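Me: Please give me a close look at one part, the packing. Keep it brisk, and spell out the cut-offs.

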Amino acid sequence: PILKPTNLLVDRTGEYPRVLAADLGSAKMLADASGITVTAGSPAYMAPEQAANIGGFDARADVYALGVVTFELLTGRRPFDSVRTPRSRVPETGVPGKQAADIDPLIGRALEFDPDRRPRSAGVYADELRMLFEGERPARRDIPVGWVVAAASLAGIGAGAVAWWLR
């Protein structure tokens, strides 16, 4: 499954927005039914190892997709137009305020070309996002807090999706 904005629903009925992942099982069901191994998804959200379909991929591919979505939530654009190459550099978010010094390196780690350099799971990534924003809220609301909470929720959903996928 590929986590991307079109697969995400935002529920704003509670105190904080929740992000729900939609239609994660379709690709797995099709692959299981066909007996063929196919790389499917949106290239801009695919981890490089997933796009290359070499040596398999694990939960860190979801961390990569979450990094793309987090970047997109904060900037309104994707960090890369297509699949990341070893030479492409992760752009800065341009987020104003004191959190920029922390969020850019965190997103950069999620978008590492080498999966061994990414957070090991969506849960770890979510925890790091939460720790980053748990402290003092930005006085000028430099970063929309609701979207940060939604991104952290998304990371938690990613961890659950991986657990479901591996069952």
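Reply: Two strands count as paired if DSSP finds at least two bridges between them. Helices (H or I, at least four residues) and strands (E, at least two) are DSSP runs, numbered from the N terminus. This is a predicted model, in which local features need pLDDT of at least 70 and side-chain atom pairs count only at pLDDT 80 or more, while totals for chains, interfaces and linings use all residues. Residues are numbered from 1 along each chain as its sequence is written, and side-chain values use heavy atoms, with hydrogens and water left out.

First, the setting. The chain has six helices and two strands. In sequence order the pattern is β-β-α-α-α-α-α-α. Strand 1 (residues 8-11) pairs with strand 2 (residues 18-21) in the antiparallel sense, over four bridges. A hairpin of six residues links strand 1 to strand 2. Across the pair, Leu9 faces Leu20 of strand 2, and Asp11 faces Arg18 of strand 2.

Now the core. Buried means under 20% relative accessible area, exposed means over 50%, and partly exposed lies in between (1.4 Å probe, protein chains only). By that rule, 42% of the 167 residues in the chain are buried. A nonpolar core is a set of buried Ala, Val, Leu, Ile, Met, Phe, Trp, Tyr and Cys residues joined through side-chain atoms within 4.5 Å. The largest such core has 24 residues. Tyr64, Ile103, Ile107, Leu111, Tyr125 and Leu129 touch the most other members. Helix 3 (59-75), helix 4 (100-110) and helix 5 (122-134) each supply at least two residues of this core. Helix 3 gives the most, with seven residues. In soluble globular proteins, nonpolar side chains tend to be buried together.

Contact here means heavy atoms within 4.5 Å. Beyond its neighbours within four places in sequence, Ile103 contacts Leu74, Thr93, Leu129, Leu132 and Phe133. In the chain, among contacts between residues at least 6 apart in sequence, 60% join residues at least 24 apart.

Next, the helix pairs. Two packed helices are described by the angle between their axes and the distance between the axes. Axes are lines fitted to C-alpha atoms, for helices over the stretch in contact, and angles run from 0 to 180 degrees between N-to-C directions.

Take helix 3 and helix 4. These two pack at about 145 degrees, with axes 8 Å apart. Helix 3 brings Val63, Tyr64, Gly67, Thr70, Phe71 and Leu74; helix 4 brings Ile103, Ile107 and Ala110. The contact holds seven nonpolar residues, two polar and no charged. Ala, Val, Leu, Ile, Met, Phe, Trp, Tyr, Cys and Pro count as nonpolar, Asp, Glu, Lys and Arg as charged, and the others, Gly among them, as polar.

Helix 3 also meets helix 5. Here the axes come within 9 Å and cross at roughly 35 degrees. The crossing is right-handed; that term applies if the near helix is turned clockwise from the far one by less than a right angle, and left-handed if anticlockwise. Val63, Leu66, Gly67 and Thr70 of helix 3 touch Ala122, Tyr125 and Leu129 of helix 5. This contact splits into five nonpolar residues, two polar and no charged.

Helix 4 has buried residues of its own: Ala100, Ile103, Leu106, Ile107, Gly108 and Ala110. Those buried residues pack against helix 3 and helix 5. On the helix 5 side, look at Glu128. Glu128 touches Leu106, Arg109 and Pro119, leaving out residues up to four places away in sequence. The C-alpha atoms of Glu128 and Ile103 are 9.6 Å apart, though 25 residues separate them along the chain.

Val68 lies in helix 3. Val68 counts as buried because its relative accessible area is 0%. With residues up to four places away left out, Val68 touches Ala44, Tyr45, Arg78, Pro79 and Leu111. Pro79 is 11 residues from Val68 along the chain, with 6.5 Å between their C-alpha atoms.

Asp81 sits in the loop between helix 3 and helix 4. Asp81 counts as exposed because its relative accessibility is 73%. The C-alpha atoms of Asp81 and Ala44 are 5.8 Å apart, across 37 residues of sequence.
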